[in-house]
Amino acid sequence: RNPLRSGFVSTQPPSSNEGDERSGIFALDCEMCYTAAGLELTRVTVIDHALKTVFETLVRPQLPIVDYNTRFSGITESMMENVSTSLSDVQRRLTKLFSAHSILIGHSLNSDLVTLKMIHRKVVDTSVLFPHSKGPPYKRALRTLAAEILNKIIQDSAEEIGRA
């Protein structure tokens, strides 16, 4: 049995004394590296409606990294040397930050949520909103969307890779 298939968490409705405190709109992006089990989480970034980074951390995968996927993730071996934050640490933090009423925005959020092992139902996914002309299973690249819709060049240099 694959240990990476267990451990999913779900966002919860806010408690009556919280009100709408955790029900905001957030952009979510995750970076992954390859381990013997496939893709595992190595970085998570959350930005709020005011474009403020409200959570960002590197994450130690459960299994040893076999490919840092640096070209896409921006993650390097040296960045991961002293990282001790676990996936469960991230899940605890995110389930405190988000409620089931929060709206999460991102590109290919399905992949991010699976990698986070998080169930959340209110999402705005740009890979769905701006579908590929060939239809599924094809998806438009985020860098293509940014260029076409925002007239912005992203993921064009080493320091920008993995930071879109």
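Visitor: In which sense do β2 and strand β6 (residues 103-106) pair, and over how many bridges?

Guide: β2 and β6 pair in the parallel sense, over 3 bridges. The model is predicted, so local features need pLDDT of at least 70 and side-chain atom pairs count only at pLDDT 80 or more, while totals for chains, interfaces and linings use all residues. Residues are numbered from 1 along each chain as its sequence is written, and side-chain values use heavy atoms, with hydrogens and water left out.

Strands (E, at least two residues) and helices (H or I, at least four) are DSSP runs numbered from the N terminus; two strands pair if DSSP finds at least two bridges between them. β2 and β3 run antiparallel and are joined by 10 bridges, with Thr35 opposite Gly38 in β3. The hairpin from β2 to β3 passes through 2 residues. β2 also runs antiparallel to strand β5 (residues 65-67), with 2 bridges, and here Tyr34 faces Asp67.

Leu39 is partly exposed because its relative accessibility is 42%; buried means under 20% relative accessible area, exposed over 50%, and partly exposed in between (1.4 Å probe, protein chains only). Contact means heavy atoms within 4.5 Å. Leaving aside neighbours within four places in sequence, Leu39 is in contact with Met32, Cys33 and Tyr34. Thr42, also placed in β3, is buried because its relative accessible area is 0%. Not counting residues up to four places away in sequence, Thr42 touches residues including Glu31, Met32, Cys33, Ile65 and Met80.

A nonpolar core is a set of buried Ala, Val, Leu, Ile, Met, Phe, Trp, Tyr and Cys residues joined through side-chain atoms within 4.5 Å. The largest one has 19 residues, and Leu28, Val44, Leu94 and Leu116 have the most contacts inside it. At least two residues of this core come from each of β2, β3, α3 and α4. A second, separate core of 6 residues includes Ile65, Tyr68, Met80 and Val83.

Helix α3 (residues 87-97) has Leu87, Val90, Gln91, Leu94 and Leu97 buried. They lie on the same side of α3 because they cover an arc of only 130° around the axis, the arc being that of the directions from the helix axis to the C-beta atoms. The buried residues of α3 pack against several elements, among them β2 (25-35) and β3.
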